[in-house]
Structures are given as C-alpha cells and as structure tokens.
Amino acid sequence: MTIGRFYGGVGAVLWSPEKQRYLLLRRAAHKDFAPGVWECVTGRVDQGEGFEAAARREVREEVGVDVAIAFIIGTTHFYRGVVEPENELLGVVYGCTVDATAAIRLSAEHSEQRWVTFQEANALLTASDLSTQWLRRVLARAEIIRGYLPASLAQYYQETGFEVG
C-alpha cells in the first residue's frame, strides 16, 4: 500500500448565543467548487498549521471576526471535485461561538450571509448536491452536541483547546 497525499481541511459552524442562530454563507458565483451553494466557514490547513489555528484563520479571513471554538462536530473525508488523489481532503469540523455578529464582513469568497435557526436552515438547505447535504448533516450534529454539552466540559475546552500536541 502506498502512502497517500491529501489536503487537511477545517469547517467552522458559527453559532450566536445572543441570536440563537447559525451563520450560513453562500459561496460566490465565481468559485471553482460549489458556486452559489450555502456553507459554513471552510478552508484548507496551511503547511505547519494545526487544525484549530486553521479554523480561527479561516473564520477571520472569510467573515472578519474571532470565535471561540466550543466543540468538535466531527471529521470529514471527501473529494473536492473529481475523485482523484490531488482532490482528496480530510478535515475536522468545529462548533464555534461568535459574539461580534455585527462585525461580520464577507470576503470575496461569499456573496450572502444569513443567520438562521436550525429549522430555518433545514427549510433553506433543500438542494440535493453533496455539499448541501453535508451541511445539513453537520448542522444536525451541531444542534445535538450543543444541546448535550455539559457546561463544565465546554469550559474545559475553552481553557485547554483540542490539540494534544
């Protein structure tokens, strides 16, 4: 078996405790992958960067704010386009909280933003493409974890993060 090469990626689902809503972003029409599709913050891990640092950087680049990483929603494995080794991506998806919702500023990567409840997200995300269905699963998992996460564990994660070295 040969050792493969693939990208590392991150997703960040932004939740506003004040608004009690998730932030959805519509990918700009000029994007080479999934143009016009609704998504959370996503991106690749840069060489020498950890998953948490990449998630924080991607959030700052895409929406211009800092977030608190609250929990891990899960991992992901997919091909960004054609199923070829150079398109393979393994990633970690984080549940994040954001307080500065008024400071959100979209980068050129996105054309629209919406703060939605979980129910509103389900009504909006009806397309059958893989990216939309992935986001529906991610939000469903985030909603469950957010509801069950004990305050003491959330506090521990805030203090220590997730990377173990």
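A pocket is an open set of points on a 1 Å grid over the protein atoms alone, with protein on both sides within 12 Å along at least five of seven lines, and its lining residues have an atom within 4 Å of a point.

The model is predicted: local features need pLDDT of at least 70 and side-chain atom pairs pLDDT 80 or more, while totals for chains, interfaces and linings use all residues. Residues are numbered from 1 along each chain as its sequence is written, and side-chain values use heavy atoms, without hydrogens and water.

**View A. The second largest pocket.** This pocket contains about 220 Å³ of space. Its lining includes Arg5, Phe6, Tyr7 and Gly8, together with Val45, Asp46 and Gln47. By class, the lining has five nonpolar, three polar and four charged residues (nonpolar: Ala, Val, Leu, Ile, Met, Phe, Trp, Tyr, Cys and Pro; charged: Asp, Glu, Lys and Arg; polar: the others, Gly among them).

**View B. The largest pocket.** About 700 Å³ of space lies in the largest pocket. Of its 32 lining residues, Phe33, Glu39, Thr42, Phe78 and Arg80 lie nearest the centre. The lining divides into 13 nonpolar, nine polar and ten charged residues. Helix α3 provides the largest share of the lining, five residues; elements that each supply at least two include β1 (7-16), α1 (51-63) and β5 (68-79). Helices (H or I, at least four residues) and strands (E, at least two) are DSSP runs, numbered from the N terminus.

**View C. Tryptophan 15 and its partners.** The structure holds four aromatic pairs. The ring centres of tryptophan 15 and tyrosine 22 lie 4.7 Å apart with the planes at 55 degrees, so this pair is tilted. Rings of Phe, Tyr and Trp (its six-membered ring) pair if their centres lie within 6.5 Å; planes under 30 degrees apart are stacked, over 60 edge-to-face and the rest tilted. Both residues of the pair, tryptophan 15 and tyrosine 22, are buried (buried, under 20% relative accessible area; exposed, over 50%; partly exposed, in between; 1.4 Å probe, protein chains only). The charged end of arginine 146 sits over the ring of tryptophan 15, 3.4 Å from its centre (NZ of Lys or CZ of Arg within 6 Å of the ring centre and within 35 degrees of the ring normal).

**View D. The aromatic cluster.** Tyr94, Tyr156, Tyr157 and Phe162 form one aromatic cluster. Tyrosine 156 is partly exposed, with a relative accessible area of 47%.

Definitions and conventions:
1 Å grid on protein atoms, 1.4 Å probe; cavity = no way out; pocket = protein on both sides within 12 Å on 5 of 7 lines; lining within 4 Å. Points joined across faces, edges and corners; volume = space filled by probe spheres on them.
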